[in-house]
Amino acid sequence: MTATETPAATTVLGSRLLRKEDPALLTGEGRYVDDLVVPGALWLGLVRSTVAHARVSVDVGPALDAPGVVAAFTGDDLLDAWAAPLPCAWPVTEDMKAPEHRPVAAGTACYVGDIVAVVVAESRAAARDAVEAVLVDYDELPAVVDLEEAAEDRVLVHEDLGTNRSYTWELTPDADAVERAFAEAAHTVSERYVQQRLIPAAMEPRGVVVVPAPHGGEYTVYSSTQIPHILKVMLAATTGVPEHKIRVIAPAVGGGFGSKLNVYAEEVLALALARKLGRPVRWTEERSEAAVATIQGRGQIQHIELAADAAGKVTAVRVRLLADLGAYLQLVTPGIPLLGAFLYHGVYDIPAYSFSCTGVFTTKTPTDAYRGAGRPEATYAIERAMDALAVEVGVDPAEIRRRNFIPTDAFPYSSAPGLVFDSGDYEPALARALEMVGYEELRAEQARRRESGSTAHLGVGISFYVEMCGLAPSRVLASLNFGAGGWEAATVRVLPTGMVQVVTGTSPHGQGHETSWSMIVADRLGVDPDHVEVLHSDTDVSPHGLDTYGSRSLAVGGTAVWHACEKVVAKARTIAAHQLEVAEEDLEFSGGQFQVRGSPDRAMPIQAVAFQAFLAHDLPEGMEPGLSAQVVWDPPNFTFPFGAHIAVVEVDEETGRVQLLRYVAVDDCGNQVNPLIVEGQVHGGILQGVAQALWEEAAYDGDGNLRSATLADYLVPSAAEAPSYELDHTVTPSPTNPMGVKGVGEAGTIGAAPAVMNAIVDALSPLGVTDIDMPASPHRVWSAIRAAKEAQQ
């Protein structure tokens with residue numbers, strides 16, 4: 001299209017546009033970190049502790065004699081390479097205890113996988129061989145594996161801290177109200193749930209390449225990261241390299257799920273050694289290495305109590321958590337449980353609230369953000385407890401939820417823990433999910449099976465979640481002592497030829513930002529989505545941003561793009577009015593064209609305006625040339641998507657095998673930019689939640705060794721295990737942003753695990769089973785059935 005052609009009107013928002021990103025990825029043209037060709041690059045080989053807790057003495061001398069080895073270092077050798085330890089950006093309390101975390105341990109190794117030495121070699125193979133030549137002498141100390149025992153300080157992970165308890169964080173707005181509610185309750189339930197550790201297992205393992213500039217002093221860092229902007233700041237703080245001398249690029253990134261929302265030792269090491277040696281340095285994680293070297297998710301013991309009146313209306317919730325932090329605090333480790341701290345009342349109108357969390361060190365891989373980050377844990381506890389309350393009161397699980405929903409007319413809703421829920425309409429979502437699954441018919445079939453004595457037990461599980469996402473505003477994050485803001489930046493440029501460039505501070509790794517941002521621009525500017533280029537994930541191209549995590553990208557980053565478009569249109573309107581010699585208020589803008597009211601022959605497309613702005617021959621007095629705008633958007637509140645998920649399972653009493661027969665999800669993420677992308681996010685999220693319920697567990701033995709370090713032992717589901725999803729949605733727009741959008745990237749994961757586990761317990765309730773720890777493996781289910789039968793004898 002030329003600068004003078006008139007574009008067709010567009011109604012692209014809400015359409016199922018195919019992702020612009022996919023052709024390159026599907027044809028092998030995507031370039032990941034390990035694909036980069038860097039002449040003369042050295043490879044890092046990392047010597048990792050094979051013992052969970054030990055004083056270590058390291059001799060790298062033999063490695064220096066190995067073929068191709070350029071250098072080798074112990075932790076002591078590199079102490080002067082660091083300006084600061086590895087960062088933790090979320091000190092959740094003033095008295096939080098945090099051990100010093102160096103990229104290479106010096107003196108003591110605190111988990112299997114802790115780096116104790118590094119070798120640098122001319123090739124990947126030479127580095128791998130040299131690692132085997134390093135001599136490490138281990139003076140073993142007792143491992144600290146059991147979370148409850150760790151909290152008792154029987155053995156200390158870090159002796160200098162004097163305790164394994166990093167912090168205790170509490171949120172109890174009215175303790176007297178909580179105590180009174182439990183004292184007066186007609187019904188109470190008290191439950192204990194375990195959130196097992198999970199291995200993120202992104203399709204692409206982590207990797208980093210650091211390339212020094214030819215004349216020194218400047219460094220380009222390629223990293224498989226979710227957070228190029230944050231990584232740049234933290235690399236500068238940790239290594240002492242000036243921030244303006246560091247460029248971070250996240251090329252194609254093969255998934256992250258929160259595990260790449262971090263600043264890792266390997267990234268810091270690569271930069272420090274490239275600086276020290278004056279040559280490019282690279283490292284790519286191996287799959288078995290990733291199981292212990294990349295953060296793990298979840299890791300909690302949850303105690304939740306509900307108080308209710310005679311009708312089952314919940315009057316108070318009380319929660320106590322023990323959170324397994326692992327051996328060190330990574331970037332946001334201590335704050336992950338707090339992301340769910342405000343949501344243990346779920347979608348229910350509960351007036352009294354008490355929450356406390358104690359973070360505890362163990363000799364295991366550090367935990368940090370994993371898809372949902374605190375919200376799946378909160379939803380699991382309240383949704384499992386609501387099913388327990390339904391049994392206590394003697395009503396159907398769907399009915400107990402209806403009796404407790406936050407009323408639609410109560411929104412915006414001020415919750416007891418202090419959040420303001422933006423919008424919600426819960427009953428239609430539940431009603432639709434029940435209709436889709438055929439709830440009454442399933443209950444009738446369940447009754448028939450039970451009456452016949454069938455050993456193939458049918459179970460139906462409901463989960464209704466709400467999450468807070470669009471992590472912002474900055475002032476709220478400051479009140480939580482979070483070490484970053486919640487804003488996001490965007491620039492929109494209409495080029496002289498009529499094409500549009502968008503520069504965004506978000507950093508996608510599978511979410512489809514290039515497609516969605518193009519659709520937003522197409523809608524606001526009236527251009528073809530294919531004429532929009534989205535630039536991202538390079539701190540030189542996009543110098544301002546806070547990256548992608550917590551389902552924040554659309555609600556914050558996408559809204560920044562929307563606002564930038566509005567500023568572009570406002571400037572274009574002024575130019576068009578000047579060119580057409582009319583007042584601005586006499587112009588209408590639709591379908592990418594400014595038109596004088598009542599004069600259809602007097603019009604000017606936005607592409608022509610952009611060309612005139614470029615020429616600058618006849619602009620309004622004092623106006624700068626060019627048609628572009630930059631916006632930094634800091635939202636006034638979180639957004640609160642929600643949804644009803646229902647799982648239908650069949651459990652074989654004789655073998656303990658669980659078969660997921662059906663999965664229904666009705667989600668509400670506000671207005672949808674691209675339903676195809678929404679469905680893809682929900683599909684993947686559900687499967688990760690189902691995987692936690694049925695298959696996945698990072699299991700440790702008593703000595704702190706990970707027993708599920710390979711994909712032969714850690715059961716990541718394939719397409720063969722994926723259920724057939726039955727999806728629908730309701731639409732409750734958010735008033736927090738002008739597009740009315742909410743997040744959806746974590747929704748499926750949040751809703752899935754409690755739906756599946758509620759279904760399993762529902763199936764086995766006639767046998768006396770009231771709870772099963774995740775994952776519900778055949779052996780674990782069979783053992784629960786046996787234990788319940790023996791208890792009844």
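In what follows, Ala, Val, Leu, Ile, Met, Phe, Trp, Tyr, Cys and Pro count as nonpolar, Asp, Glu, Lys and Arg as charged, and the others, Gly among them, as polar. The model is predicted: local features need pLDDT of at least 70 and side-chain atom pairs pLDDT 80 or more, while totals for chains, interfaces and linings use all residues. Residues are numbered from 1 along each chain as its sequence is written, and side-chain values use heavy atoms, with hydrogens and water left out.

**The second largest pocket**

- On a 1 Å grid over the protein atoms alone, a pocket is an open set of points with protein on both sides within 12 Å along at least five of seven lines, a cavity is a set of points where a 1.4 Å probe fits but cannot get out, and lining residues have an atom within 4 Å of a point.
- Grid points are joined across faces, edges and corners, and a volume is the space filled by probe spheres set on the points.
- The volume of the second largest pocket is about 540 Å³.
- Its lining has 24 residues, and those nearest the centre are Leu46, Arg48, Val131, Glu286 and Glu289.
- By class, the lining of this pocket has twelve nonpolar, six polar and six charged residues.
- Helices (H or I, at least four residues) and strands (E, at least two) are DSSP runs, numbered from the N terminus.
- At least two lining residues of the second largest pocket come from each of β1, α3, β6 (135-140), β12 (281-284) and α8 (287-293).
- With six residues, β1 gives the most to this lining.

**Helix α3**

- Buried means under 20% relative accessible area, exposed over 50%, and partly exposed in between (1.4 Å probe, protein chains only).
- Helix α3 (residues 124-133) has Ala126, Ala127, Ala130 and Val131 buried.
- These residues lie on the same side of α3, because they cover an arc of only 145 degrees around the axis; the arc is that of the directions from the helix axis to the C-beta atoms.
- An α-helix has 3.6 residues a turn, so residues three or four places apart point the same way.
- Asp129 and Glu132 are exposed, on the face of α3 turned away from its buried side.
- The buried residues of α3 pack against β1 (42-48), α2 (61-64), β3 (69-74) and β5 (115-121), where contact means heavy atoms within 4.5 Å.

**Cavities**

- The whole structure holds four cavities of 30 Å³ or more.
- The largest cavity contains about 150 Å³ of space.
- It is lined by 20 residues, of which Ile199, Ala201, Ala202, Arg287 and Ala290 are closest to its centre.
- The lining of the largest cavity divides into eleven nonpolar, four polar and five charged residues.
- The second largest cavity has about 120 Å³.
- Of its 19 lining residues, His101, Tyr111, Ala265, Ala293 and Gln330 are closest to the centre.
- Both α7 (265-277) and α8 supply at least two residues of the lining of the second largest cavity.

**Aromatic rings**

- Rings of Phe, Tyr and Trp (its six-membered ring) pair if their centres lie within 6.5 Å; planes under 30 degrees apart count as stacked, over 60 as edge-to-face and the rest as tilted.
- There are 19 aromatic pairs by this rule.
- One of them joins Tyr111 and Tyr328 edge-to-face, at 6.3 Å centre to centre and with 70 degrees between the planes.
- Tyr111 lies in the loop between β4 (108-109) and β5 and Tyr328 in the loop between β14 (314-326) and β15 (352-361), so their pair ties together parts that are 217 residues apart in sequence.
- Tyr111 and Tyr328 are both buried.
- The pair of Tyr193 and Tyr380 is edge-to-face, because the ring centres are 5.6 Å apart and the planes are at 85 degrees.
- This pair links distant parts of the chain, with Tyr193 in strand β8 (residues 187-198) and Tyr380 in helix α9 (residues 375-393), 187 residues apart.
- Tyr193 and Tyr380 are both buried.

**Backbone**

- Most residues other than glycine have a negative phi, and most peptide bonds are trans.
- The peptide bond from Phe411 to Pro412 is cis, with omega near -5 degrees.
- Asn481 is not a glycine, yet has a positive phi of about 65 degrees.
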